Amino acid sequence: MSRRKPWLPPRWVVRLAWYTHRALYRVTRGRTGLWRPKDRTHWGTMRLTTTGRRTGRARGVMLGYFEDGSNLVTLAMNGWADGEPAWWLNLQTQPDATVDLKGGSRAVRGRAAGGEEQVRLWDRWREIDRDLDTYAALRSSETAVVVLEPRIESR
């Protein structure tokens, strides 16, 4: 069976959408730009704040996610372009981060899913995006499934 070739907008359009989404969130002080996943067919959006691996400064990015129990699951996809997204490189260096969700924030620890967990979570993303495998094939490397687990803050 032949799959249609996926269409992606030009890279500048993708980047403009990212900047616009983040700016809207910032300008409205978080009142706009975040939403919860709906049923099993729609992802939600969150703001992930990591620590820059070179600068040590806070770096925020808007990401799609779904919930897997108490964990949040996203993809290190870089808009389906090649290369790893900076936030994922930052998480690999410093896995402790913070997420802002509709309704509040939480401390998390990021890691890549592996083995059976990775397969299960990738299949779950397929329920949300039926073109997932086709888009992933545009990248020259595997797209990491990233799990953000709740982190207990020590006092």
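To pick out one spot, Thr50 has Arg59 in strand 2 as its bridge partner. Before I go on, keep in mind that this is a predicted model.

So where do those two strands sit overall? Six strands close into a barrel, and if you walk around it the order is 1-2-3-6-5-4. The pairing is antiparallel. From one strand to the next, the twist averages 45°.

Now the helices. Helix 1, residues 11-27, lies across strands 1, 2 and 4, and runs at about 100° to strand 2. Helix 3 covers residues 115-128 and packs on the sheet, where it touches strand 2, strand 3, strand 5 and strand 6. Its direction makes about 85° with that of strand 2.

While we're on helix 3, have a look at Gln118, which is found there. Is Gln118 buried or exposed? It's buried, because its relative accessible area is 16% and the cut-off for buried is under 20%. Leaving out residues up to four places away in sequence, Gln118 touches Ala113, Glu142 and Val145.

On to the greasy bits. The largest nonpolar core has 17 residues, and among those with the most contacts inside it are Met46, Trp87, Val99 and Leu148. Which elements give two or more residues to this core? They are strands 1, 2, 3, 4 and 6, plus helix 2, which is residues 86-93. There's also a second, separate core of 14 residues, including Val73, Ile128, Leu132 and Ala136.

In one, the side chains of Arg47 and Asp100 meet, at 3.9 Å from N to O. Arg47 is in strand 1 and Asp100 in strand 4, so to speak distant parts of the chain, 53 residues apart. What about burial? Arg47 is buried, with a relative accessible area of 18%, and Asp100 counts as buried too, at 16%.

Next, Asp68 and Arg120, whose side chains meet at 2.9 Å, N to O. Asp68 lies in strand 2 and Arg120 in helix 3, so this pair ties together parts that are 52 residues apart in sequence. Here Asp68 counts as partly exposed at 21% relative accessibility, and Arg120 is partly exposed as well, at 43%.

Then there's Arg151 with Asp96, where the closest N and O atoms are 3.6 Å apart. Arg151 lies in the segment after strand 6 and Asp96 in strand 4, so the pair ties together parts 55 residues apart in sequence. Asp96 counts as partly exposed, at 23% relative accessibility.

Last one: Arg40, Arg124 and Glu127 are linked in a network of salt bridges.

Methods
Residues numbered from 1 in each chain as written. Predicted model: local features only at pLDDT ≥ 70, side-chain atom pairs only at ≥ 80, totals over all residues. Heavy atoms only, no water. Core = buried A, V, L, I, M, F, W, Y, C linked by side-chain atoms within 4.5 Å. Buried < 20%, exposed > 50% of the residue type's maximum accessible area, 1.4 Å probe, protein only. Helix = DSSP H or I, 4+ residues; strand = E, 2+ residues; numbered from the N terminus. Pairing = 2+ DSSP bridges. Axes fitted to C-alpha atoms, helices over the stretch in contact; angles between N-to-C directions. Contact = heavy atoms within 4.5 Å. Salt bridge = Lys/Arg side-chain N within 4 Å of Asp/Glu carboxyl O.
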